[in-house]
Amino acid sequence: MKIEKGCRTLSVNGSWDITMKTPMGTQVLQLELRSDGQTLTGTQSSMGETTEIQDGTVNGDEATWKVDATKPVAVKVTFTAKVDGDEISGHAKAGFFPKTPFSGRRAAA
C-alpha cells in the first residue's frame with residue numbers, strides 16, 4: 001500500500017535489511033514485503049532460515065506481521081513497524097521476552 005506524505009510516496013513493498021539488538025545478541029534480518037490493500041505478505045530471513053510472514057496487515061505507513069522463528073530458539077515473533085521513505089523501524093515481541101526495537105533500510109536493488 002502506498003500513501004502520500006508531503007511530496008514522498010511511502011510503501012512497505014520491497015526488500016529491507018533490519019537489525020535488532022535482542023537479549024540473545026544482535027540479529028540481522030532480511031525482509032521481502034508485498035502489500036495488497038491492507039494485506040501484507042512476504043518472507044523474513046535470518047540465520048540461514050526463511051519464514052513466511054503470517055497475519056500481515058498494512059494501515060497507512062504502519063505494518064504488522066508474525067513469524068515462527070526456530071533460531072536461536074523456537075518462538076512466535078510479532079513485529080510492529082513504521083515506514084518512513086527508505087527507512088523502517090519498530091519493535092518485535094518474542095514470547096516472554098521484552099519488546100525489542102529494530103531499525104533498517106530499504107535494500108539496494
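A nonpolar core is a set of buried Ala, Val, Leu, Ile, Met, Phe, Trp, Tyr and Cys residues joined through side-chain atoms within 4.5 Å; buried means under 20% relative accessible area, exposed over 50%, and partly exposed in between (1.4 Å probe, protein chains only). The model is predicted: local features need pLDDT of at least 70, side-chain atom pairs count only at pLDDT 80 or more, and totals for chains, interfaces and linings use all residues. Residues are numbered from 1 along each chain as its sequence is written, and side-chain values use heavy atoms, with hydrogens and water left out.

View 1. Helices (H or I, at least four residues) and strands (E, at least two) are DSSP runs, numbered from the N terminus. Along the sequence the pattern reads β-β-β-β-β-β-β-β-β-β-β. Of the 109 residues in the protein, 36% are buried. The accessible surface comes to about 6200 Å², and carbon and sulfur atoms hold 53% of that surface. Accessible areas come from the Shrake-Rupley method with a 1.4 Å probe; for residues, only the protein chains shown count as cover.

**View 2. The largest nonpolar core has 23 residues.** The members that touch the most other members are Ile18, Trp65, Val77, Phe79, Ile88 and Phe102. Two or more residues of this core come from each of β3, β4 (25-36), β8, β9 and β10. Strand β9 gives the largest share, five residues.

**View 3. Strand β8 (residues 62-69) has side chains that alternate between two faces.** Ala63, Trp65, Val67 and Ala69 point to one face and are buried.

**View 4. Strand β8 pairs with β7 and with β9.** Two strands pair if DSSP finds at least two bridges between them. Strand β7 (residues 54-59) runs antiparallel to β8, with four bridges. Thr57 stands opposite Thr64 in β8. The hairpin of β7 and β8 has two residues between the strands, and Gly60 in the turn has a positive phi of about 65°. On β9 (residues 75-84), eight bridges join the strand to β8, also in the antiparallel sense. Ala63 has Ala81 of β9 as its bridge partner. Five residues lie in the hairpin that joins β8 to β9.

**View 5. Strand β11 (residues 100-106) pairs with β3 and with β10.** Strand β3 (residues 14-22) and β11 are antiparallel and share five bridges. Six bridges join β11 to β10 (residues 87-94), and these two strands run antiparallel. Gly104 in β11 stands opposite Ile18 and opposite Ile88. Between β10 and β11 is a hairpin with five residues between the strands, where Gly95 takes a positive phi near 50°.

**View 6. Val73 lies in the loop between β8 and β9.** Val73 is partly exposed, with a relative accessible area of 31%. Contact means heavy atoms within 4.5 Å. Apart from its neighbours within four places in sequence, Val73 is in contact with Met24 and Phe97. Val73 and Met24 are 49 residues apart in sequence, and their C-alpha atoms are 9.7 Å apart in space. For the protein as a whole, among contacts between residues at least 6 apart in sequence, 28% join residues at least 24 apart.
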